[in-house]
Amino acid sequence: MDKLKLHSPDLTAQNIDKLAALFPNCITETRTEAGELKQAIDFDQLRQELSGSIVEGPQERYQLNWPGKREALLTANAPIVKTLRPCREESVDFDTTRNLFIEGDNLDALKLLQETYLNKVKMIYIDPPYNTGNDFIYDDDFKENPEEYLTRSKQQDESGNRLISNTEANGRFHSDWLSMMYPRLKLARNLLREDGIIFISMDDSEIENTRKLCCEIFGEKDVKGCIISKRRQVPDNRNHNRISADHEYVLVCGKSQSRLNGKDKDLSKYSNPDDDPRGDWMSDNMTGLASKEQRPNLHYDIVNPVTGQHYPPHPGRGWAYEKKRMAILIMDEKILWPSKPSGRPRIKRFLDSLKDTTTGFSTYQELGYTTEGTREITQLMGFKAFDFPKPVKLINTLCKQATLKDSGDIVVDFFSGSSTTAHAVMELNLSDGGNRRHIMVQIPEACNEKSEAMRNGFQYITEIGKERIRRAGTEIKNENPGAENIDTGFRVLKIDTSNMNDVYYTPDAINQDDLFQQADNIRQDRTPEDLLFQVMLDWGVDLTLPITRESIAGKAVFHVDENALAACFDEGIDEVFVKELATRQPLRAVFRDSGFASDSVKINVEQIFKHLSPHTDIKVI
């Protein structure tokens with residue numbers, strides 16, 4: 001039986017494999033510092049493969065660059081050996097909810113979600129730090145090489161990825177911010193479906209760099225546009241330039257099939273007062289947009305065939321159609337003639353001629369003011385729990401543009417803060433009966449010691465976010481009869497070191513003196529449910545699927561989504577138990593490597609399943 005790898009995907013290795021399939025002649029070997037051979041890319045050969053002329057050396061090209069960019073790319077691709085540990089006591093409806101709240105560094109979270117949610121997320125919304133000189137950013141360690149990064153990520157990291165204030169006095173003010181954003185956006189793109197959309201809230205400080213960054217990660221054609229959101233009602237006079245920053249931006253990016261849902265056209269203007277057999281219609285203008293000098297063929301008199309009345313064109317605009325087309329419209333009785341000579345002819349625009357019943361979403365919107373976001377969370381929590389939270393209306397509107405109500409679309413926010421996104425998703429599901437799901441990710445950043453949140457017993461932002469979801473969910477259920485089908489729960493999963501001891505990943509590094517201490521490769525403080533979630537992560541199983549537990553032949557067995565996965569981490573597994581489990585024919589089965597009663601049982605497991613459940617995929621940890 002094969003072992004599960006139990007670490008996030010090595011994206012560098014995957015990229016090399018993809019390039020090897022396209023350009024096998026660009027694959028070479030190189031030696032590590034330890035002298036071991038490993039597969040690598042011949043970049044000179046690859047550059048030549050991608051060029052129509054001889055490549056002799058680096059050439060100038062249009063690109064976004066900054067100190068630390070290569071290290072940021074390295075950080076995005078390097079695997080980590082961490083896991084998500086379930087926390088039932090902080091969750092709501094743990095066994096039935098399809099929503100997640102992940103507590104920990106969002107870079108780690110995005111890596112851990114790569115296999116489970118690859119190409120499955122319909123919408124991502126983020127409101128990252130704005131880099132104003134006061135906001136905190138994630139201080140990722142970009143100076144480590146891949147081996148050092150991998151080694152450190154296996155250990156208990158006492159300080160973790162620190163949050164630092166990125167002041168303008170820092171010589172790498174913009175570079176540090178870009179290095180923080182680059183790997184997170186790169187990993188986020190992997191999660192999006194082909195029709196998925198990411199919305200990024202941003203102010204003036206980094207909007208230009210954010211757009212350029214997204215052009216590189218998503219491709220210029222997949223940076224769909226930029227929405228301007230008015231956030232302030234009263235002008236701000238604090239800026240020394242006397243410019244009141246009343247707006248923010250929402251950058252819209254996606255993939256090849258991404259587009260907004262748009263806005264429904266107003267069809268109430270269509271009716272059929274004259275019982276026209278062609279159906280409902282509306283009266284529309286026929287004025288053109290060109291002067292006589294620009295389009296002389298659109299400047300002519302229209303003649304009513306019944307009255308002989310002439311109607312000259314607008315001198316600066318002309319008609320919308322040339323003479324031949326206008327003659328056909330008159331013959332088809334699609335022209336509405338005015339009752340007075342001073343009137344203007346108009347056209348009958350029939351409803352069935354509409355190619356689309358939707359129109360574009362305006363890029364200038366009042367999507368809720370900052371004061372509304374503050375008022376919403378203050379009313380819900382009973383005190384001002386968060387500074388500058390986004391209004392529910394903003395994210396609610398974006399969700400309407402990116403998701404469909406009855407498709408189980410997944411909405412992710414990996415800078416979730418006070419969990420406005422979760423609140424908005426629940427309210428939208430309430431309003432249209434939808435079944436959208438949400439995944440919130442937030443690092444447990446400490447609240448300001450002088451804040452109202454700290455005075456009210458909230459030490460970390462994550463505590464505010466979880467409590468907001470609880471209270472918003474309770475309010476939705478209590479105030480709306482028939483809301484019992486709205487999923488207001490969430491599973492709390494916390495990022496932690498791997499459940500496995502170091503011997504699991506580097507067995508050759510264990511000394512003989514330590515061999516007996518490492519007989520069990522699982523950390524002593526981990527529960528069977530901890531192990532289950534790491535297995536689900538590694539196998540790419542949806543982390544919100546229902547989980548049940550039963551006893552089979554005296555052993556505890558977890559069943560995920562009935563037969564999607566069966567897991568038993570008990571000791572003393574014998575053939576009687578294995579045969580009973582195999583008769584259930586799960587799609588996947590996993591056991592503890594040290595859990596078998598004897599070596600013969602371990603050897604016979606595959607044969608038993610091959611006979612009773614040949615399609616089951618079997619692994620051990």
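Does Cys568 count as buried or exposed, and at what relative accessibility? Cys568 counts as buried, at 0% relative accessibility. The views below come from a predicted model.

**View 1. Two buried cysteines, Cys399 and Cys568.** Cys399 has a relative accessible area of 0%. Cys568 also stands at 0% relative accessibility. Both count as buried because the cut-off for that class is under 20% relative accessible area. The disulfide count is zero, where a disulfide would need a pair of cysteine sulfur atoms within 2.5 Å.

**View 2. An open sheet of ten strands.** The strand order is S4-S22-S5-S21-S20-S6-S9-S11-S10-S19. Pairing is mixed. Strands of a sheet pair through backbone hydrogen bonds, either parallel or antiparallel.

**View 3. The sheet edges, S4 and S19.** Strand S4 covers residues 82-86, and strand S19 covers 364-365. Each has a single partner strand, so one side of each is left without a neighbour in the sheet. S19 runs parallel to strand S10 (residues 223-230). Two bridges join S10 and S19. In one of them, Ser229 is paired with Gln365 of S19.

**View 4. Helix H7 on the sheet.** H7 spans residues 207-218. This helix lies across strand S9 (192-202), S10 and strand S11 (247-254). Its direction is at about 5° to S11.

**View 5. Helix H11 on the sheet.** H11 spans residues 420-432. The helix lies across strand S6 (121-126), strand S20 (410-413) and strand S21 (437-442). H11 runs at about 170° to S21.

**View 6. Helix H6 against H7.** H6 covers residues 173-191. The two axes come within 10 Å and cross at roughly 35°. The crossing is right-handed. H6 contributes His174, Trp177, Leu178, Met181, Tyr182, Leu185, Lys186 and Arg189 to the contact. H7 contributes Asn209, Thr210, Leu213, Cys214, Glu216, Ile217 and Phe218. By class, the contact has nine nonpolar, three polar and three charged residues.

**View 7. Helix H3 against H6.** H3 covers residues 69-77. The axes of H3 and H6 come within 9 Å and cross at roughly 35°. This crossing is right-handed. On H3, the contact residues are Lys69, Ala72, Leu73, Ala76 and Asn77. On H6, they are Ser179, Tyr182, Pro183, Lys186 and Leu187. Six nonpolar, two polar and two charged residues make up the contact. Tyr182 and Lys186 of H6 touch H3 here and also take part in the contact with H7.

How values were computed. Residues numbered from 1 in each chain as written. Predicted model: local features only at pLDDT ≥ 70, side-chain atom pairs only at ≥ 80, totals over all residues. Heavy atoms only, no water. Pairing = 2+ DSSP bridges. Helix = DSSP H or I, 4+ residues; strand = E, 2+ residues; numbered from the N terminus. Contact = heavy atoms within 4.5 Å. Axes fitted to C-alpha atoms, helices over the stretch in contact; angles between N-to-C directions. Buried < 20%, exposed > 50% of the residue type's maximum accessible area, 1.4 Å probe, protein only. Left-handed = near helix turned anticlockwise from the far one by under 90°. Nonpolar A, V, L, I, M, F, W, Y, C, P; charged D, E, K, R; others polar.
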